[in-house]
Structures are given as C-alpha cells and as structure tokens.
Amino acid sequence: MSKVYVLHENNEWTAHLLKRLEELNLPFEDWLIDSGKVDLASVPPEGVFYNRMSASSHTRGHRYAPELTNAILAWLEHHGRTVINGSRALQLEVSKVLQYLELEKYGIKTPKTIAAVGKEALLEAAKSFEGKPFITKHNRAGKGLGVQLFHTSAALERYVGGESFEEPVDGVTLIQEYIVSPESYITRCEFIGGKFFYAVQVDTSQGFELCPADACTVDDLFCAADGTESTPEKFRILDGFDHPIIKKYEEVLAANHIQIAGIEFIQDQEGTIYTYDINTNTNYNREAETKSGKYGMLQVAKFLGNTLTKSEGSLQN
C-alpha cells in the first residue's frame with residue numbers, strides 16, 4: 001500500500017506532523033535519517049516522500065545526514081517517485097549562498113553578502129563593510145548558527161582570534177550587511193503546496209535564533225515554543241497579511257520545486273524589504289497558531305494526503 005514517508009533527522013521537529021497524519025488516518029512511515037544506507041540497485045516503494053532534512057543536523061550529532069538524504073532523494077527521483085522538497089530543495093537548505101543567488105535571480109533583494117573561507121579571507125572581506133555594522137553567519141546553518149553582530153572590523157578580528165569563534169561545518173562564513181529595522185522584528189512567510197499560508201512576525205529584540213519549533217527551548221533565545229512565558233508574543237501570526245513580495249516568493253519556490261518552506265525578510269527604515277533566508281524544513285509555533293486558528297502541520301498533513309491520493313490515482317491509470 002502506498003503511504004507518506006517523512007524523511008528527517010530530528011524526532012522533536014517531526015512529532016507534530018506525525019500526530020496530524022494520524023488524526024487524518026493517513027498511512028505513513030517515519031523515516032529517520034541520522035545514519036543508514038541506500039541500495040542503489042533496489043527499487044523504492046510507492047508513495048509520497050516528504051524531505052524534512054535540516055541544515056543544522058550537525059548540531060545534533062548527525063553530521064552526514066544531509067549527504068545521505070541527498071543520495072536517497074537522487075535514488076527516489078531516479079525512479080520517478082513523488083518527492084516533496086526534493087534534491088533541489090536540499091541544495092538550497094544547506095547553502096545560503098545558493099539561496100541568495102536564486103532570490104536575486106527573481107528580482108528579490110538580499111543583503112550585501114560576501115562568502116569567505118579562512119580567517120584571513122574573513123577579515124579581508126570585513127574591510128568592505130567598514131563604517132557600517134555587519135553580521136557573520138554560517139553558510140550551512142539553521143537556528144541562527146554563527147550569527148554575530150559587529151560594528152568594526154577590529155571587533156571581528158578579536159572574535160576570529162578568540163576561543164568563541166565558531167567554525168562553520170562547511171568552512172564557509174558569510175559576512176553580511178546589518179539591516180537596521182525601525183522595529184525589532186522580522187517577518188516569516190509560510191508556504192504550503194507552493195502557496196502562501198500565513199505570515200508570522202517574530203520579535204528579534206533578544207537575539208538572532210528564530211526557530212519557532214515547539215521542541216526548541218528558551219535557552220535558544222528565539223525558540224520559545226515550549227509554552228513558557230518569555231517575551232510576550234514573540235511569534236505573532238499577522239491577520240490578512242498581503243504584499244507583492246509573496247508572488248515573487250511563490251515564483252522562486254515553483255522554479256526550484258519546493259512545495260513547503262518558510263521565507264524570512266526584514267524591512268529597513270525606508271521600508272525596503274531584504275530577504276535573507278529560505279527554510280525548506282520550516283516549523284510552526286503552537287502558541288501563535290492557537291491564537292490565530294491557523295495550523296501549519298495540519299495543513300501540511302492535508303497537502304500530503306491530497307498528494308498521496310493523486311499519486312495513487314495516476315498509478316491506477
């Protein structure tokens with residue numbers, strides 16, 4: 001029997017989706033890819049395969065989970081299986097460089113960014129930001145990995161030469177202009193089935209880690225999804241949000257065969273929008289959704305169910 005296969009490396013981030021699939025009585029299989037193998041001579045089962053591999057998997061001890069997932073997705077696509085967020089989505093998930101270039105291709109403004117490998121190259125890159133604040137971040141990241149704010153290249157030099165410097169898992173550090181927003185928040189647009197679902201406003205007054213997953217803790221600064229009271233309404237779903245940028249985001253997702261994603265942007269003091277992240281392993285905040293009555297994982301489960309039905313219909317024909 002065909003079923004929905006959920007490919008991932010983090011049980012905590014996937015538990016809510018599996019519960020929704022159970023509620024809808026959909027056949028599914030939980031496919032944990034923290035390690036394992038794939039026999040390229042074998043034939044994969046029929047079904048719908050939803051890739052939820054995360055760029056931050058190495059922070060949970062799953063250093064090569066994305067590489068194994070890439071092999072599995074190639075195997076599935078080779079056999080013509082229905083894959084949600086396939087190999088192209090994974091390429092973008094693990095590389096902000098690719099994300100920015102793809103966004104710019106469709107006329108979506110991104111912050112000025114320089115990719116550097118090696119401490120000398122990093123310090124050299126910082127010179128072009130002299131006089132303006134800038135941030136560093138990891139190319140292969142997630143959860144705000146490696147994000148630090150600097151006002152001078154001298155401050156960066158002290159950080160790079162100190163014990164607290166974080167070496168990126170792929171060796172690529174990004175230096176990016178710091179966008180000054182009149183208010184301390186960013187906006188994250190959620191897309192399911194390639195279409196806009198809702199926008200959530202995220203308070204950024206306490207740091208840069210923006211993961212809204214229920215499994216995150218207050219120790220993660222922005223992951224206040226465990227139900228505890230920290231900053232009031234850290235995540236707030238915007239009622240009736242509408243902006244021309246949504247159409248452009250949908251074009252980018254369609255061109256890259258990405259069906260489920262969260263895309264984040266910030267506005268500067270002049271109202272200019274800068275887009276800086278495409279998250280193809282997006283999560284949702286329970287408290288914010290309860291207040292708004294919109295539920296991301298339920299919508300994802302319905303989308304997967306409808307996709308499974310269509311897939312089974314095509315097999316019968």
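Reply:

Four strands form an open sheet in the order β2-β1-β3-β4, with parallel pairing. Its edge strands are β2 (28-32) and β4, each of which pairs on one side only. From one strand to the next the twist averages 20°, an angle between lines fitted to C-alpha atoms, on a scale from 0 to 180 degrees between N-to-C directions.

The model is predicted: local features need pLDDT of at least 70 and side-chain atom pairs count only at pLDDT 80 or more, while totals for chains, interfaces and linings use all residues. Residues are numbered from 1 along each chain as its sequence is written, and side-chain values use heavy atoms, with hydrogens and water left out.

Strands (E, at least two residues) and helices (H or I, at least four) are DSSP runs numbered from the N terminus. Two strands pair if DSSP finds at least two bridges between them. Strand β3 (residues 47-51) pairs with β4 in the parallel sense over 3 bridges, and F49 stands opposite V83 in β4.

R81 sits in the loop between α2 (65-78) and β4 (82-84). R81 has a relative accessible area of 14% and is therefore buried (under 20%; exposed is over 50%, partly exposed in between; 1.4 Å probe, protein chains only). A polar atom of the R81 side chain lies 2.7 Å from the backbone oxygen of P44. Beyond its neighbours within four places in sequence, R81 is in contact (heavy atoms within 4.5 Å) with V43, P44, P45, E46, F49 and L76.

Note on methods
A polar contact is a pair of N or O atoms within 3.5 Å; within protein, one must be able to donate a hydrogen and the other to accept it, and residues adjacent in sequence count only if both atoms are side-chain atoms.
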